[in-house]
Amino acid sequence: LRRIQNQVDNYTGPWQAAYKRGRSCGDLVWCQRMLTAVGMEKNWSFNKMGIDMSAAFDTIKRSTIINLLNDAGCSEDDVRLVRFLLSNTVVKIRVNSAHSIEFVTTLGSFQGDSLSGCLFTLVLAAALYHLRTLIPYR
């Protein structure tokens, strides 16, 4: 994670607080509360949306992750290392006390390791950037 951290931090920009050194959930909570307070004080109409991103970790195409690491300026060695860490992922599903058989999955950056959050924010930043290019600013 340390090998790609600077490149990912630069790619995601200063507005991304999750999974960054020196930033925390408290930054996000403060920002949300401040924006809400200003909107209410000024009597502005606004919408606040919360998204549960937990399932999104499991749906990222790994080829997208690799392409974005290249776009972010990561070295070939670092990209190869991430590709290796994401390969041959075996999953077992548990429902109550019953377990499924193990199976290989080729999608996602699964929660639980320190790399997954970093990779997810990389993909999210790229998606938001792409969305901004499609929707004209008013």
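**Exercise 1. Count the helices and strands of the chain, then give their order.**

Solution. The chain has 5 helices and 4 strands. Helices are DSSP runs of H or I with at least four residues, strands are runs of E with at least two, and both are numbered from the N terminus. Along the sequence, the pattern reads α-α-α-α-β-β-β-β-α.

A note on the model: it is predicted, so local features need pLDDT of at least 70 and side-chain atom pairs count only at pLDDT 80 or more, while totals for chains, interfaces and linings use all residues. Residues are numbered from 1 along each chain as its sequence is written, and side-chain values use heavy atoms, with hydrogens and water left out.

**Exercise 2. Decide how spread out the chain is.**

Solution. Start with the radius of gyration, taken over C-alpha atoms. The globule rule is 2.2 Å times the number of residues to the power 0.38. For 138 residues the rule gives 14 Å, but the chain has 18 Å, well over that value, so the chain is more spread out than a compact globule. Next, take the spans: the C-alpha trace covers about 55 × 45 × 30 Å along its principal axes.

**Exercise 3. Describe how helix H3 and helix H4 pack.**

Solution. Locate them: H3 covers residues 62–71 and H4 covers residues 76–86. Their axes, lines fitted to C-alpha atoms over the stretch in contact, come within 10 Å and cross at roughly 165°. Angles run from 0 to 180 degrees between N-to-C directions. That crossing makes H3 roughly antiparallel to H4 (over 145 degrees).

Now list the contact residues (heavy atoms within 4.5 Å). H3 gives Arg-62, Ile-65, Ile-66, Leu-69 and Asn-70. H4 gives Val-79, Val-82, Arg-83 and Leu-86. Sort them by class: 6 are nonpolar, 1 is polar and 2 are charged. Ala, Val, Leu, Ile, Met, Phe, Trp, Tyr, Cys and Pro count as nonpolar, Asp, Glu, Lys and Arg as charged, and the others, Gly among them, as polar.

**Exercise 4. Find where Asn-43 and Asn-96 sit, and say whether they are buried or exposed.**

Solution. Take Asn-43. It lies in the loop between helix H2 (25–41) and H3. Its phi is positive, about 60°, although Asn-43 is not a glycine. Its relative accessible area is 71%, so Asn-43 is exposed (over 50%).

Take Asn-96. It lies in the loop between strand E2 (94–95) and strand E3 (98–99). Asn-96 is not a glycine, yet its phi is positive, about 55°. Asn-96 has 73% relative accessibility, so it counts as exposed.

Terms used
Parallel < 35°, antiparallel > 145°, perpendicular 65-115°, else oblique. Buried < 20%, exposed > 50% of the residue type's maximum accessible area, 1.4 Å probe, protein only.
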